[in-house]
Structures are given as C-alpha cells and as structure tokens.
Amino acid sequence: MTRAQLEMEFAGAALGWVERELELTDPEIGKALGVDRKTIHRWRKRESAPAPEQRRRMEKLTQLKWFLENGFRTLELGKRWLHQPVPALKGRMPISVLTEGDIDSVLGLLATHASGAHI
C-alpha cells in the first residue's frame, strides 16, 4: 500500500468509529475536524486523504477512542461521561465541546482522569 492509501484507510477507520460509537453526524465530525461535510464524504469514499493538519486532528480522535476505551471500566461509561455536564468545562458536556472543534480540552480532561484525578 502507498502512504496515501494507508492515510485514507486510517481516516476511514477513525470516521467509522466516531460515527458508530459516538453517533456523530458528518457535519458534527466536520466541525470537530475543521472541515466541511463534503470533505468527510470524500474521506469516507477514499477519494482523498486528510491534509497534515486534519490528520493530526484525526489522530486526536484516535486518542479520544483510547481514553474512552481504557480510562473507564467500560466504553459505555466513557460514552456516558461525554454526555454529562463537567464542571471543568463550565458545566458543558464534553461531546458539545468536541463537536465545536475543541478536541484538546476533552483530551486534557480524559488525560487527567486517566492519571487518577477525579473530573
């Protein structure tokens, strides 16, 4: 496989997980990644690969996946956490922050949780 094919495969797998497990729509995923829904559609169809900046943001989605699958007793508890108001986010839900494009704030909270701190 070429590098571009590997990147398209990675993008497709990451998008599939976000859609399936987090139940986000293409417009929501696009906003989280800083692209429009047409770009998401092209990545899904493997017509193009994410540019370097979007690839870095997509890698953050895979970090999110890791934290949700490993930072809680079950993935379901991790997903439930995404939909509860969090004081560190001024009472906002992490899923809302994520879909507004602020992946880093959500990852920072999950990293704090993984370190053993209460969030």
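Arginine 46 is partly exposed, because its relative accessible area of 37% falls between the limits for buried, under 20%, and exposed, over 50% (1.4 Å probe, protein chains only). Arginine 46 lies in the loop between α3 and α4. Although arginine 46 is not a glycine, its phi is positive, at about 60 degrees. This is a predicted model, in which local features need pLDDT of at least 70 and side-chain atom pairs count only at pLDDT 80 or more, while totals for chains, interfaces and linings use all residues. Residues are numbered from 1 along each chain as its sequence is written, and side-chain values use heavy atoms, with hydrogens and water left out.

Lysine 90 also belongs in this account: it is not a glycine, yet its phi is positive, about 60 degrees. Lysine 90 is found in the loop between α5 and α6. With a relative accessibility of 79%, lysine 90 counts as exposed.

Helices (H or I, at least four residues) and strands (E, at least two) are DSSP runs, numbered from the N terminus. The chain has seven helices and zero strands, and along the sequence its pattern reads α-α-α-α-α-α-α.

The overall dimensions come next. Along the principal axes, the C-alpha atoms of the chain fill a box of roughly 45 × 25 × 20 Å. The radius of gyration, taken over C-alpha atoms, can be set against a globule rule of 2.2 Å times the number of residues to the power 0.38. For 119 residues a compact globule would have a value near 14 Å, and the chain agrees because its own value is 14 Å. Of these 119 residues, 40% count as buried. A contact means heavy atoms within 4.5 Å; among contacts in the chain between residues at least 6 apart in sequence, 56% join residues at least 24 apart.

What lies inside? In soluble globular proteins, nonpolar side chains tend to be buried together. A nonpolar core is a set of buried Ala, Val, Leu, Ile, Met, Phe, Trp, Tyr and Cys residues joined through side-chain atoms within 4.5 Å. Here the largest such core has 31 residues, and those with the most contacts inside it are Leu22, Leu33, Leu64, Leu68 and Leu98. Two or more residues each are given to this core by α1 (3-22), α2 (26-33), α3 (37-44), α4 (52-70), α5 (75-82), α6 (94-99) and α7 (103-114). The largest share, six residues, comes from α1.

An α-helix has 3.6 residues a turn, so residues three or four places apart point the same way. At the start of α3, a side-chain oxygen of aspartate 36 comes to within 3.0 Å of the backbone nitrogen of lysine 38.

Beyond α3, glutamate 47 is placed in the loop between α3 and α4. Glutamate 47 and methionine 8 are 39 residues apart in sequence and 8.0 Å apart in space, C-alpha to C-alpha. Not counting residues up to four places away in sequence, glutamate 47 touches Met8 and Arg42. Glutamate 7, in helix α1, counts as buried at 15% relative accessibility. With the same exclusion of residues up to four places away in sequence, glutamate 7 touches Ala49, Pro50 and Arg55.

The structure also holds two aromatic pairs. Rings of Phe, Tyr and Trp (its six-membered ring) pair if their centres lie within 6.5 Å; planes under 30 degrees apart count as stacked, over 60 as edge-to-face and the rest as tilted. The rings of tryptophan 66 and phenylalanine 67 form an edge-to-face pair, because their centres are 5.4 Å apart and their planes stand at 80 degrees. Phenylalanine 67 counts as buried, at 15% relative accessibility. The rings of phenylalanine 72 and tryptophan 81 have centres 6.0 Å apart and planes at 40 degrees, so this pair is tilted. Both phenylalanine 72 and tryptophan 81 are buried.

Technical notes: Polar contact = N/O pair within 3.5 Å; in protein donor to acceptor, adjacent residues only side chain to side chain.
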